Amino acid sequence: MRKLRFVMVAGVLALAACTGEVSTDADAGPLLDAAPPDASEPMPDASEPLPDDAGLPDAAEPMPDAAEPTPDASPPPQVLSCDHLLPGAGLSYHLLHSADGSTWDYDPQGALSTRSVGWYDASASTFAWEETYAPGHWRASTQIVGTGGIDASGDEAVSYTMTVLDAQGATTMWSVTQTRADCTVTRQMSGPVGAYDHVGTYEAAGYTYAEDRVPFLWVGDVKPHQATGFQALDGTFTETFTAPLPPEDGLEWWSGYTTNLTGNADGALSGTFGLGTEGDVSVLGSFSVSLDGTHQVTCQGDYSDLNDEASFALDRGDNGTGTVKYFPFSGADFDCALTIAGGVCSAVCSNGKPNGCPWILRNYRPGAILRERP
């Protein structure tokens, strides 16, 4: 049986007080200039005397049903059919932080996002909001403009455009459609690097989901494959991604790729990855992603004629430096200093030989770790 949750005004205020301070700052930026007009009516003049027949009701008379709306009153609060929403629920979650069922302005959970401000016009089925991020984050803001909303049963059906502005002033636009039936979310997202599907379910302990991913740190396959994950109530999450074999791009010798990812609401992101083949090539490594999008990678490679140990750091433009130490099966060990520019690696090696970049960087696809999707 589906639970119905009536989000009354007082309840929402209490929830907002627990999950984030509701700001009264009206400077919401240009996105919100088109907010719906104030529908409230002016209050009657309290100095006017009451009519003679406006006395108090007889205490013996039964009280009216509190669930029945008063004629000409403001619209009732939205009904949200799932009790266990997290920030990824979008419009539905924002309405939990609305004191009037139509506007919100609060500081979301964690240090990553510093403000969410927006509005929802139920009568016109339109909405907009803007997210801003902690100083130093690779994103400056995310703006949402869309249509749809919450129906009478409390479920959601929306379509919107998402515009991500990064710290360097570049913008990326995505088209999104999302439905939420009770506690199950289905989302389709398309943008400059492809289309991605997502499905998940909110439960009392958190959110379980499956979502398309593209392999990190590997140029051999740029097609989405499904990852599975779980997000806890405190914003921490774990995710496992496995690309199937054989790959669809014709590299029959590739036997599989895996990523295990962890993160939290403060923006911390780290994980491990592995790449194996049916032959004698494999790479195992770990990575972490900083708030500004810089990522550090440490990995070990096992090849047909040597082993290597590599460590490098790349910024959001895929520029950086690193080192690699080689252990040939025949001959002396040697090491190289790495320079990466736009994802293209070059090396200066102690043995004087060129092309000293590790195999994982020779096959690196720029933007692979962080920037597939916002």
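Let's start at a turn. The hairpin of β5 and β6 has five residues between its strands, and G136 there takes a positive phi near 90 degrees. Helices (H or I, at least four residues) and strands (E, at least two) are DSSP runs, numbered from the N terminus.

A word on the source. This is a predicted model, where local features need pLDDT of at least 70, side-chain atom pairs count only at pLDDT 80 or more, and totals for chains, interfaces and linings use all residues. Residues are numbered from 1 along each chain as its sequence is written, and side-chain values use heavy atoms, with hydrogens and water left out.

Strand β5 covers residues 126–133, strand β6 covers residues 139–150, and the two run antiparallel, joined by seven bridges. Two strands pair if DSSP finds at least two bridges between them. Look at W129: I144 in β6 stands opposite.

Now go on to β7. That strand spans residues 156–166, runs antiparallel to β6, and is joined to β6 by 11 bridges. Where does I144 find its bridge partner in β7? At M162. β6 and β7 also make a hairpin, again with five residues between them. In that turn, G154 has a positive phi of about 95 degrees.

Let's zoom out. The chain holds three helices and 21 strands. Of its 374 residues, 43% are buried. Buried means under 20% relative accessible area, exposed means over 50%, and partly exposed is in between (1.4 Å probe, protein chains only). Next, contacts, meaning heavy atoms within 4.5 Å. Among contacts between residues at least 6 apart in sequence, 40% join residues at least 24 apart. The accessible surface comes to about 19,200 Å², and 57% of that belongs to carbon and sulfur atoms. Those areas come from the Shrake-Rupley method with a 1.4 Å probe; for residues, only the protein chains shown count as cover.

Next topic: disulfides. A disulfide is a covalent bond between the sulfur atoms of two cysteines. Here the criterion is a pair of cysteine sulfur atoms within 2.5 Å. How many disulfides does this rule give? Three. Counting bonded cysteines along the chain, the pattern is 1-2, 3-5, 4-6.

Take C82 and C183. Their disulfide has an S to S distance of 2.1 Å. This pair links distant parts of the chain, 101 residues apart. C82 sits in the loop between β2 (79–80) and α2 (91–95), and C183 in the loop between β8 (171–181) and β9 (184–191). The torsion about the S-S bond is about 105 degrees, so this disulfide is right-handed. Are the two ends buried or exposed? C82 is buried, at a relative accessible area of 1%. C183 is buried too, at 14%.

Now C336 and C349. Their sulfur atoms are 2.0 Å apart. The link is right-handed, with 105 degrees about the S-S bond. Both C336 and C349 are buried.

That leaves C345 and C357. Here the sulfur atoms are 2.0 Å apart. C345 lies in strand β21 and C357 in the loop between β21 and α3 (359–362), so this pair ties together parts 12 residues apart in sequence. Which hand does this link have? Left, with -90 degrees about the S-S bond. C345 and C357 are both buried.

One more cysteine: C299 counts as buried, at 3% relative accessibility.
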